[in-house]
Amino acid sequence: MVSSATVSPGSESRPKRPIDRYVLWAALALAVFGVVAVYSAISFLAETRAGGDTERFLVRHLVRVGVAFAALLACSAIDYRKLARFSRIALLVSLGLLVVVHIAGVTWGGATRWLRIGSVGFQPSDLARVALILYVGVLLAKKQAYIASFTRSFLPLMVWVLGACILIGMEDLSSALMLLATAMLMCFVARVRATHLAGLSAAGLALALLLVLVSPNRAARLESYLGMDLFPPSGTEEVAEDRGEGYQAQQARIAFAMGGLTGVGPGKSTQRDFLPAPYNDFIFAIVAEEYGLLGAMALLAAFSILLFRGFLRIARPAPDPLGLFLGVGFTTSVALYAFVHAAVACGLLPVTGLPLPFVSYGGTSMAATGMMFGILLNISRQCAAR
Amino acid sequence: MDAKDAILIRMYAALTALCLLPLLVVGQVFRIHLTEGGDLRDQGERQTNSFVGIPAMRGAIYDRAGRTLAVNTARYDLAIDPTVSGFDAQRDAFFERLSKLTGASAAHYRQRVRERTSPQYAPLVRGLSEEQKEEALRWETPGVILDPAFARRYNHGQTASHILGYVNSDGIGLSGLELQYDEHLRGVDGRRPVQRNRLGRIRTFVSGKVVEPVHGASLVLTIDLLRQTILEEELARGVAETEALSASAVALDPRTGAVLALANAPAFDPNRAGAYPAELRRNRVITDRMEPGSTFKLVSAVSAIEQGLVQMEEVIDTGDGWAVVHGRTFTDTRARGAIPFREVISLSSNVGTAKVVSRADRDTFYAHARRFGFGQRTGIDLPGEVQGSLKPPDEWSAATLTAMGIGYEVDVTLLQTAVAYAALANGGRRVAPHVVAERRDVTGRTTWKAPQDSVRRAFRSSTAETILPAFLGAVERGTATRAQIAGLKVAGKTGTSLKAEDGGYREDAYRASFAGFFPADDPQIVLVVAVDEPQTFQHGGQVAAPIFQRAAARWLATFPELSRQAFSAVQRAPEAAPDESGVARPVSLRNQSETEAAPLTAHALPDFRGWTMREAAHWLSRRNIPLRIEGKGVVSAQYPEAGHPPGQTVVLQSR
């Protein structure tokens with residue numbers, strides 16, 4: 001059995017390598033960048049909601065960064081194979097929480113994604129992300145011997161993946177799609193048959209069309225992105241004209257234009273006053289405005305470093321298939337989020353509410369990203385010395 | 001190919017696909033910059049950058065002696081942001097208090113808030129005073145916005161209102177000096193750059209250049225507050241006594257053209273100009289054209305002498321007091337027979353004047369009138385001046401020359417008449433009238449002074465010397481004896497004209513005027529008075545001359561030199577002293593002769609009860625008994641009572 005071979009206690013006795021410094025530095029740099037950018041971008045919210053007390057939000061963000069790094073350190077200290085053993089139960093628990101959220105969650109920004117425990121808002125979908133990638137990695141590693149089989153490997157994998165994605169997608173379609181893409185990419189790398197994946201993609205496209213048709217909100221978003229009227233107006237569109245998707249995309253483009261090559265300078269953004277949720281959904285645009293094209297490219301470069309290190313220096317030399325798949329999965333998840341966020345901000349993709357990992361002002365997302373980084377770093381520790 | 005290699009190949013493929021994303025993003029950012037960067041930046045700047053004005057302080061207006069006539073006061077504009085949390089709780093109390101504070105109804109303010117055009121800003125009250133602002137602050141109502149601004153205050157109410165003019169609620173001059181010098185008074189507002197966000201709120205402390213305001217210049221006038229007040233009082237008194245529609249007067253310094261006082265009665269209060277009809281706000285001295293009547297005989301006299309038509313002592317036969325010249329009948333108030341030309345002017349004989357003028361060359365006569373400034377604006381620094389009308393000779397009919405000779409078929413303003421008499425007073429030199437002597441900047445430094453050399457010659461100084469006795473005679477023993485000032489030589493001319501209407505003349509509507517200057521041997525003041533539609537009497541000598549006399553006599557106190565001169569003259573001839581009130585007070589004219597009617601004397605007052613006010617006033621005026629009328633219509637009470645000897649002002653009251 002592949003799985004028993006990979007999760008052998010013997011591997012723990014091998015001499016530890018130092019963790020991957022590049023990934024750690026990239027994570028730190030992103031966090032520092034995030035603190036500065038969020039401090040500026042949050043000012044409008046602070047002004048309108050908290051009477052100008054920007055520091056309160058800064059402190060809150062710093063606490064979240066602290067929590068994320070604690071998660072990072074904790075996960076990097078725990079052997080990923082031990083962690084993988086709890087992946088199934090963790091996934092079940094987080095999916096259960098998603099159901100609870102759907103019934104009793106807190107509505108925020110038009111969608112119900114939050115669970116409030118005490119005074120801390122909590123988004124179970126982020127936990128589900130980590131758990132699902134872990135569990136898919138475990139399944140893929142376990143099924144390597146018969147990975148091409150439709151019934152024995154593809155079907156059970158898809159039951160879990162689609163199940164989780166549908167539960168998440170009920171409230172947060174874009175996150176669900178990101179997770180689906182990550183899982184599919186993991187399957188692809190793990191030699192699941194391309195025909196199966198292509199068939200699923202075709203089915204997915206058909207489903208997507210259906211989803212767009214039943215939701216006027218989504219239809220409007222798509223229309224605004226494509227710049228044409230696809231569907232007759234339904235009368236239930238809640239988006240106000242000047243706060244619509246087109247307005248947001250336009251304001252984001254203005255941010256890029258204002259930034260120029262070197263930006264208007266730290267804290268001098270004006271578009272933060274015009275973009276909705278600039279501290280979260282459009283932080284990339286704010287960075288591009290304040291630090292210019294160079295700042296935006298530096299940010300992309302940090303994620304690119306993570307991508308390359310994750311694939312080539314963590315996943316490739318991983319001691320076992322599980323490590324490889326998890327390395328690919330977590331790296332893809334973080335990098336894909338970042339790139340899609342950037343693509344949305346500059347108008348390549350329709351407007352969605354995706355955070356920029358480790359930069360945006362969002363608690364659970366940041367903690368989840370911290371966990372992913374931690375697991376990646378742990379894998380890097382276990383890599384075979386070259 | 002073993003499993004590991006297949007995995008690695010697939011991994012590289014996935015990596016390659018993922019790498020494309022950041023490249024696409026960078027490409028898109030470049031595309032934004034290259035294709036629409038400029039437009040987007042413009043749009044961004046437009047929606048963000050804005051300026052908040054720093055109001056410049058409007059300049060003050062001072063009289064000749066530095067007394068403030070118009071100043072700025074702090075005022076506050078109150079607005080409300082009804083979306084501020086906590087406002088709703090105090091809503092009712094707030095509207096009630098505001099209603100109590102301002103006097104407007106609470107419902108009015110509710111409506112203003114309900115019908116506001118901006119969601120977070122409803123302007124409610126303009127121009128709250130400092131105390132009212134403090135009061136409003138004490139309520140501590142959330143959402144109240146108090147914006148400071150400047151308000152204009154005219155310290156002396158109606159005084160000099162037609163000169164000063166007024167401003168609108170935004171502090172922009174709408175009439176008078178406020179309009180004429182608006183550009184100088186207003187200054188230049190400064191501005192401070194601010195940023196706006198998507199809710200329209202303003203972020204201050206933005207870097208950028210603050211443009212400091214340039215405060216407006218102050219005006220120092222040639223007007224003297226005391227003289228202006230006296231003139232206005234006497235005008236108002238004249239209007240009341242003669243039951244006229246209105247009266248106007250303007251005084252000039254004939255040597256410089258400085259306007260010493262300018263008044264119209266009734267006046268208006270520029271502090272609340274909107275409460276008065278436009279009719280009252282008009283500066284009739286410069287905006288109303290009228291046929292001058294006999295005051296225009298100045299032009300006739302000058303033209304006749306300069307053309308060599310007549311000598312001053314040449315005898316003109318005025319016959320029975322009527323004559324037909326060019327098909328038009330001229331009448332005098334009474335037959336005077338053969339009198340010298342000097343007397344023709346002094347006694348204001350239309351027949352005599354027409355006879356002389358009919359001999360004149362039309363073009364030369366026109367040129368003379370033109371040189372006096374008739375038919376042209378005087379160029380006074382007040383807005384709304386009309387030029388009147390002086391027809392050129394090619395538009396004249398056969399009767400125009402003689403009609404013009406006695407002041408018909410020509411439209412002049414009172415100011416033009418004043419300028420013409422100033423020329424006579426000034427030896428034929430015509431000056432440009434002006435109201436503003438200096439402009440000063442906010443530190444008090446003089447930045448501009450009225451030029452003193454704007455003088456043109458209207459006629460020869462020898463002509464002025466020649467004709468002056470006629471105008472002295474008019475006051476000494478002619479039509480204007482009631483313009484005499486004890487101790488000073490006064491020269492002048494009365495004028496009475498029928499008001500023209502719809503191409504004809506109204507039978508019962510007159511305009512009575514008097515133009516004069518003093519002291520005649522060294523003229524310092526030209527004062528012209530016109531009364532519109534007097535009811536009790538019609539003639540300039542009865543209506544306008546007394547106003548001239550009373551105002552001038554009271555003015556002497558403000559001219560120490562003249563006052564001394566007049567006083568010593570009166571001392572030398574004590575029997576001429578008018579009464580115990582002295583020279584600086586209105587002078588009663590009991591023992592002076594009437595010209596238009598034989599002087600009458602009364603030993604006891606009759607019982608006026610049952611008379612109309614007009615009958616009573618006429619009776620008293622014929623006997624030169626001063627009169628005060630309270631009320632209109634039929635007399636119901638009088639003081640002193642019937643049978644008392646006259647000697648003090650008679651007060652008549654009606655119910």
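The nonpolar surface patch comes first: A:L207, A:L209, A:L210, A:L213 and A:V214 together have about 510 Å² of accessible area. A patch joins nonpolar side chains (Val, Leu, Ile, Met, Phe, Trp, Tyr) within 5 Å, each residue having over 30% relative accessible area and no salt bridge; a salt bridge would be a side-chain nitrogen of Lys or Arg within 4 Å of a carboxyl oxygen of Asp or Glu. Areas come from the Shrake-Rupley method with a 1.4 Å probe, and for residues only the protein chains shown count as cover.

This is a predicted model, in which local features need pLDDT of at least 70, side-chain atom pairs count only at pLDDT 80 or more, and totals for chains, interfaces and linings use all residues. Residues are numbered from 1 along each chain as its sequence is written, chains are lettered from A in the order in which they are written, and side-chain values use heavy atoms, without hydrogens or water.

A:L207 is partly exposed, at a relative accessible area of 46%; buried means under 20%, exposed over 50%, and partly exposed in between.

A:Q271, by contrast, is buried, at 0%. A:Q271 sits in the loop between α12 (245-259) and α13 (283-315) of chain A. The C-alpha atoms of A:Q271 and A:R253 are separated by 9.7 Å, with the two residues 18 apart along the chain.

Terms used: Patch = residues over 30% accessible without salt bridge, like charges linked within 9 Å, V, L, I, M, F, W, Y side chains within 5 Å. Buried < 20%, exposed > 50% of the residue type's maximum accessible area, 1.4 Å probe, protein only. Helix = DSSP H or I, 4+ residues; strand = E, 2+ residues; numbered from the N terminus.
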